[in-house]
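Visitor: I would like to learn how to read charged side-chain pairs in a model. Please take me through it step by step.

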Amino acid sequence: MDFQEAKVRMEEGRLYLPDDEEIRKIQSACMEVMYEYNTTRSSESKRREELLKKMLAEVGEGCYIEAPFYANWGGSHVHFGKNVYVNFNLTAVDDGHIYVGDCVMIGPNVTLATAAHPVEPSLRRKAAQFNLDVHIGANVWIGAGAVVLPGVTIGENSVIGAGSIVTRDIPANVVAVGNPCRVLREINEHDREYYYRERKIDLPIESE
């Protein structure tokens, strides 16, 4: 399978063999910028901002990734809206595309995976894989240690509980938890009055 065929298959979510020499060469070049980002100090905010724009496919204003950050393609298939905050140790398996909306918060040790392999053993011996894009809506919060699997869409405003394994789409405006991740409840009026259990919110809340 040559480079052009493999590239088309990558984009279309079809099975392909990722061992093409040209693919590896491009992938390696993308990862160089990621490694450079991971060696920056927290005080080098301007440098980090410049590298983010170079590293990611798209990045809006006010985005920040705590180093270290790991990605199969160095983040070159990751698309950020505005004001995205990512805590330590995000792993983006970005063989496919990862789309993240505005004002998303991602906790430490989260994995966003777009790549998968067929169950059929002979294909896995060849390292065959396929990619399915991940979509995360605006204002989503993904808790620490969560894993989002290929092809998943998470609707806007939703909360994914820490340690959840998200195997299927999650609708907007819900709290979802567990393995596999399931909707626990809708976001409701109690959430507009209390920020944690019976602790009352004492900051102004903007109207939708």
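Visitor: Is Glu193 buried, partly exposed or exposed?

Guide: Buried means under 20% relative accessible area, exposed over 50%, and partly exposed in between (1.4 Å probe, protein chains only). At 38% relative accessibility, Glu193 is partly exposed. Bear in mind that this is a predicted model, in which local features need pLDDT of at least 70, side-chain atom pairs count only at pLDDT 80 or more, and totals for chains, interfaces and linings use all residues. Residues are numbered from 1 along each chain as its sequence is written, and side-chain values use heavy atoms, with hydrogens and water left out.

Visitor: With which residue does Glu193 form a salt bridge?

Guide: A salt bridge is a side-chain nitrogen of Lys or Arg within 4 Å of a carboxyl oxygen of Asp or Glu. The partner of Glu193 is Lys200, with the closest N and O atoms 3.4 Å apart.

Visitor: How many salt bridges does the structure hold?

Guide: There are 7. One of them joins Arg185 to Asp191, at 2.8 Å from N to O. Arg185 is partly exposed at 33%, and Asp191 is partly exposed at 24%.

Visitor: Which residues are linked in a network of salt bridges?

Guide: Glu36, Arg47 and Glu50 are linked in this way. Between Arg47 and Glu50, the closest N and O atoms are 3.7 Å apart.

Visitor: Where do Glu50 and Arg47 sit in relation to each other?

Guide: Both belong to helix α3 (residues 45-55); helices are DSSP runs of H or I, at least four residues, numbered from the N terminus. Because they are 3 residues apart there, about one helical turn separates Glu50 and Arg47. Glu50 is partly exposed at 40%, and Arg47 is partly exposed at 33%.

Technical notes
Helix = DSSP H or I, 4+ residues; strand = E, 2+ residues; numbered from the N terminus.
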